[in-house]
Amino acid sequence: MRSRRIGVLCVVGLALATAGIAIRAHNAFRYPIVYGFDSRANWRYIERLTQSWALPAPDADWSTAHPPLFYYASAALCRALGRPEKHDAVVLIRLISTLLGLLAVGLAVALVRRADPDDPRRALLAGALLLFLPAHIYVSAMLHEELLVSSLASLVVVGVAWDLMSPERPRRALLRAALWGLAGGLALLTKLTGLLVILAAAGAYALDGWRRRDARLAAGRVAVLLAVALVVGGWYYARNRVEYGYFYPYGLKTHRIMLSYPPGERRLGDYLRVPFATWTDPYALSPDLLRSVWGTTYISIWFDGHRHFLPTVRGAVNRAGTVILLLALLPTAAFFRGLGRGVMRAVESPRGPDPPLLLLVALTLAGYVVFSWRNPWFAVLKGSFLLGLSVPFAFYASEGLRWWARGSRARATAIGVWMGVLFLAVAAVFTQGVVFQKTDPPGFSWEREPRLVPPTADQKP
């Protein structure tokens, strides 16, 4: 009987994986070329590096302030292929980014299987949650570095979690710490958020050593990881400091248009409000959502609040969003339920995957709060910035769902049906050409929203 159930789960898992991969491959060809977050500027950066390997100044163009790994790798691919036409190059880079993004899915499944080997359904859920996560799907169609940095971060956090669940062998422990330092350094060379997973990994090693009273091994792991990561990824920031006077640029003239974006300032209440518009009017320029950091973030994780992937029309698109965002409340709540259980386990014992996962969640959310406070504009509230939490999300959301499903066949069936409907809705809406096809320019023109345009001097009371 058990082998039969495993066989059924394997068939279901294969079907879900095939569907998730097919959606991404289809979108790589159907989604308009260089649409998406900063994609036009990203292509210009790649094109520039195909002409010269020399790094441009951070203020030379919109994207040249970004760390260069994604752009160098893309340019190297274009050079190796004899500088193909833009369409062919962009589609190929999208497909490779998709494969890299699927690495996080596989890592999440592997970690869940290791941590909970007696519950294969949970591993199936963990993979499906990422395969049908809207932010993961639509970023896969864009010319962007988010999937690369999120997969590298996933590799680091899963590797460290695996170490904490394995017997210590000092020599191998240092070699593995060096490997995770390499991956973390590459993440840092892809995006500044790579620093968060490096700190989470170092913190997990340090905490593990403190609780085991083995300071020597912990110090060795932390030192090796940080040294390798900073050598591999830190040179770019050191170069910025030497040549331009800052480690990472802020407020460049090339980005000054963002200063005109609403709301233009942040208040404490922006982090406390989640209005009904999150479900009834899910687009980033909804007046109610402009003052809701987490509401806007939620609609960009589980939908497309910025309309870079879906059409900008609000009627049918908003209704589709309402359905998906209501259904997504269940896995979101399950994530926080699983997160709470993870905190309790981490307090009780260090021998598990929770410390690096929890540290990564805490550091990423804290970093997101600081970033959104310092950059108080609707355009920066993107769920894609949180894709580095792919593994923690899949790990804890699958745990919460399975916890609620245990002990009641009716409840388990209801949860299965609910999640199945959510996955079908996401697949239909986020497969280009099935329900919606993106043909209009990406994003919103906020100046056309009369309620958001500040009055001129002669209009002010």
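A residue counts as buried when its relative accessible area is under 20%. Arginine 307 has 0% relative accessibility, so this residue is buried.

**Confidence**

The average pLDDT of the chain is 91. A score of at least 70 is reached by 94% of the residues. Where pLDDT is low, the predicted coordinates should not be read in detail.

**Loop residues with a positive phi**

Most residues other than glycine have a negative phi. Arginine 307 has a positive one, near 55°. The residue sits in the loop between helix H13 (293-302) and helix H14 (315-327). Arginine 213 also has a positive phi, near 60°. Its loop runs between H9 and helix H10 (215-233). Is arginine 213 buried or exposed? Arginine 213 is exposed, with a relative accessible area of 81%. Arginine 307, by contrast, is buried at 0%.

Glycine 245 has a positive phi too, of about 90°. This glycine comes just after H11.

Helix H11 spans residues 235-244. Which of its residues are buried? Tyr236, Tyr237, Arg239 and Asn240 are. These four cover an arc of only 155° around the axis, so they lie on the same side of H11. An α-helix has 3.6 residues a turn, so residues three or four places apart point the same way.

The loop between H11 and helix H12 (277-280) holds proline 263. A cis peptide bond joins proline 262 to proline 263, with omega at about -5°. Most peptide bonds are trans. Proline 263 is partly exposed, and its relative accessible area is 23%. Which residues does proline 263 contact, leaving aside neighbours within four places in sequence? They are Leu290, Arg291, Pro376, Trp377 and Phe378. Phenylalanine 378 is 115 residues away from proline 263 along the chain. Their C-alpha atoms are separated by 6.8 Å.

**Methionine 142**

Methionine 142 lies in the loop between helix H6 (134-140) and H7. At 1% relative accessibility, methionine 142 is buried. Residues up to four places away in sequence aside, methionine 142 touches Tyr31, Tyr35, Gly36, Phe37, Ser39, Arg94 and His308. Alanine 17 is 125 residues from methionine 142 along the chain. The C-alpha atoms of this pair are separated by 20 Å.

| Residue | Relative accessibility | State |
|---|---|---|
| Arginine 213 | 81% | exposed |
| Proline 263 | 23% | partly exposed |
| Methionine 142 | 1% | buried |
| Arginine 307 | 0% | buried |

**The largest cavity**

The structure holds two cavities of 30 Å³ or more. The largest has about 130 Å³ of space. Its lining has 15 residues. Val149, Ala153, Thr193, Phe385 and Gly388 are the closest to its centre. Which helix gives the most to the lining of the largest cavity? H7 does, with four residues. By type, the lining of the largest cavity has eight nonpolar residues, six polar and one charged.

**The second largest pocket**

The second largest pocket has about 680 Å³ of space. Lining this pocket are 23 residues. The closest to its centre are Leu9, Arg121, Leu124, Ala412 and Gly416. Helix H1 (2-30), helix H5 (120-131), helix H17 (390-405) and helix H18 (409-429) each supply at least two lining residues. H18 has the largest share, with nine residues. The lining of the second largest pocket divides into 16 nonpolar residues, three polar and four charged.

Key. Residues numbered from 1 in each chain as written. Predicted model: local features only at pLDDT ≥ 70, side-chain atom pairs only at ≥ 80, totals over all residues. Heavy atoms only, no water. pLDDT = per-residue confidence, 0-100. Buried < 20%, exposed > 50% of the residue type's maximum accessible area, 1.4 Å probe, protein only. Arc of directions from axis to C-beta. 1 Å grid on protein atoms, 1.4 Å probe; cavity = no way out; pocket = protein on both sides within 12 Å on 5 of 7 lines; lining within 4 Å. Points joined across faces, edges and corners; volume = space filled by probe spheres on them. Nonpolar A, V, L, I, M, F, W, Y, C, P; charged D, E, K, R; others polar. Contact = heavy atoms within 4.5 Å.
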